[in-house]
Amino acid sequence: MTESATAAAAVPILMYHAVSTAPNDATRDLSVTPEAFAEQMALIDDLGLTPVDTADLAAGWRLGRPLPTRPVLVTFDDGYEGVHRHALPVLVKHGFPASLFVTTAWIKGPYDDGGALDAMLDWDQVRELGGQGVEIGGHSHTHPQLDMLDDDRLRFELRRCREIVADELGTRPASFAYPYGYSSRRVRVAVRETGFGQALAVGNALARRAQGPYALRRVTVRRSTGIAEFERLVEGRAIARDFARDRALTKGYAMVRRARQVRKAIRSRV
């Protein structure tokens, strides 16, 4: 593939959450079993796709560098313990890089505020993941809907997350993922000004260079994602059909959230 063709290509960015045999009700739908994850990674290998991390993809597109043949991204949100217990051995087996976006107030340790939804990683496990080829990125401090926050709280969430990751790992995180996938122009500017070089949304569509480095889209992998659907996702086939219901719900909820923002703005002026 030529450099220009690579730069223009659409890339599947897979969004995982928990990898667990017994997730709780809060994380079940967005979890996958260890067996399913292993099968999915084996399929990526069999299909000849090449995993890269978020920073490498964004840098390649930003600088016009050629990407590997048939790139794909494996990403995890929040920081659930099963990423270390179940996903890491599979990633190491295949030699796959990945990206983990941590909610710093949910990771076990001195910053834990008790708000986590399920069993979480501790910082030693996060460091081990980082040492095994997993890029560690930010996912806010307490996992709020960032576009609903005022400017001061928004900047606190971003800066506190970045500071904690830097303190614990000894290096500043380069990539960010928006909690719930929600952002706005104001949020994207704040993420850039905080020092993150790129950020991931959701959108359930393939990522393209034209989306810009702060609005790269991902596709959701769920407990209900069978191997045939997963193959379609990584090959970029029938994604619009598979996520048609999600998009309709997202559009409806976006209208509700915009109305809430308008009411909030009106109240603040009264």
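I began just past the end of helix 5, where Gly 133 takes a positive phi of about 95 degrees. A reminder to myself: this is a predicted model.

Next I went to the other end. I found that Asp 122 caps the N-terminal end of helix 5. One of its side-chain oxygens lies 3.1 Å from the backbone nitrogen of Asp 124.

Then I asked which residues of helix 5 are buried. My list reads Trp 123, Gln 125, Val 126 and Leu 129. Looking down the axis of helix 5, I saw these buried residues fall within an arc of 155 degrees, so they line one face of the helix. I turned to the other side of helix 5 and noted Asp 124 and Gly 131 as exposed.

What do the buried residues of helix 5 pack against? I noted helix 4 (82–94), strand 4 (98–102), strand 5 (134–138) and helix 6.

Last, I listed who meets whom. From helix 5 come Trp 123, Val 126 and Arg 127; from helix 6, Ile 164, Val 165, Glu 168 and Leu 169. I sorted the residues of this contact into five nonpolar, two charged and no polar.

Conventions
Residues numbered from 1 in each chain as written. Predicted model: local features only at pLDDT ≥ 70, side-chain atom pairs only at ≥ 80, totals over all residues. Heavy atoms only, no water. Contact = heavy atoms within 4.5 Å. Helix = DSSP H or I, 4+ residues; strand = E, 2+ residues; numbered from the N terminus. Nonpolar A, V, L, I, M, F, W, Y, C, P; charged D, E, K, R; others polar. Buried < 20%, exposed > 50% of the residue type's maximum accessible area, 1.4 Å probe, protein only. Arc of directions from axis to C-beta. Polar contact = N/O pair within 3.5 Å; in protein donor to acceptor, adjacent residues only side chain to side chain.
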